Amino acid sequence: MNTWLAALLAGAAAPAMVVIDEADTVREEAPPHGAIGMSTAYRISDNVPAPRSFEFRKRALHVGAAIGVHPIDHDEIYYVLSGTGIVHSDGTEKELKAGMAAWLYSGAKVGIRQTGAAPLVLIIAYPNKAAD
């Protein structure tokens, strides 16, 4: 048993940090909320021990792929690293390109689709629900 896990089981404080290599988190899968096309998912925060207060993910939407429109009950951020896409929030659509972010608000129905010849590579961040 590693030292950190032993400390966690003993009720000690969380570690000072966790360092994650995205290569350890990558998988090919259909995007969430409709399985429209394919994507490369980097589920980075899945490698952070619970409890954690937010999710941090990278996703490359392949040509023609989309995260389908879905309701959110938290604020969420889509930050574009490369490629182009169209973000949707409650019937409004805006074009996004590298260096742009869409801040999506709790209660909205949101989604994003890849456009152009190259994959749309995003960072997606959102809070976890508070533990009951």
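I began with burial and noted that, of the 132 residues of the chain, 33% count as buried, taking buried as under 20% relative accessible area with a 1.4 Å probe and protein chains only. I kept in mind that this is a predicted model, in which local features need pLDDT of at least 70 and side-chain atom pairs count only at pLDDT 80 or more, while totals for chains, interfaces and linings use all residues. Residues are numbered from 1 along each chain as its sequence is written, and side-chain values use heavy atoms, with hydrogens and water left out.

Next I followed strand β9 (residues 109-115), which pairs with β4 (residues 66-71) in the antiparallel sense over four bridges, pairing requiring at least two DSSP bridges between the strands. Strand β6 (residues 84-89) also runs antiparallel to β9, joined by six bridges. At Ile-112 of β9 I found Ile-67 as a bridge partner and Val-87 standing opposite.

Last I looked up Glu-76, in strand β5 (residues 76-82), which is buried yet has no salt bridge, the nearest side chain of opposite charge being Arg-57 at 8.8 Å; a salt bridge would need a side-chain nitrogen of Lys or Arg within 4 Å of a carboxyl oxygen of Asp or Glu, and for charge Lys and Arg count as positive and Asp and Glu as negative, without His and the chain ends.

Key:
Buried means under 20% relative accessible area, exposed over 50%, partly exposed in between (1.4 Å probe, protein chains only). Helices (H or I, at least four residues) and strands (E, at least two) are DSSP runs, numbered from the N terminus.
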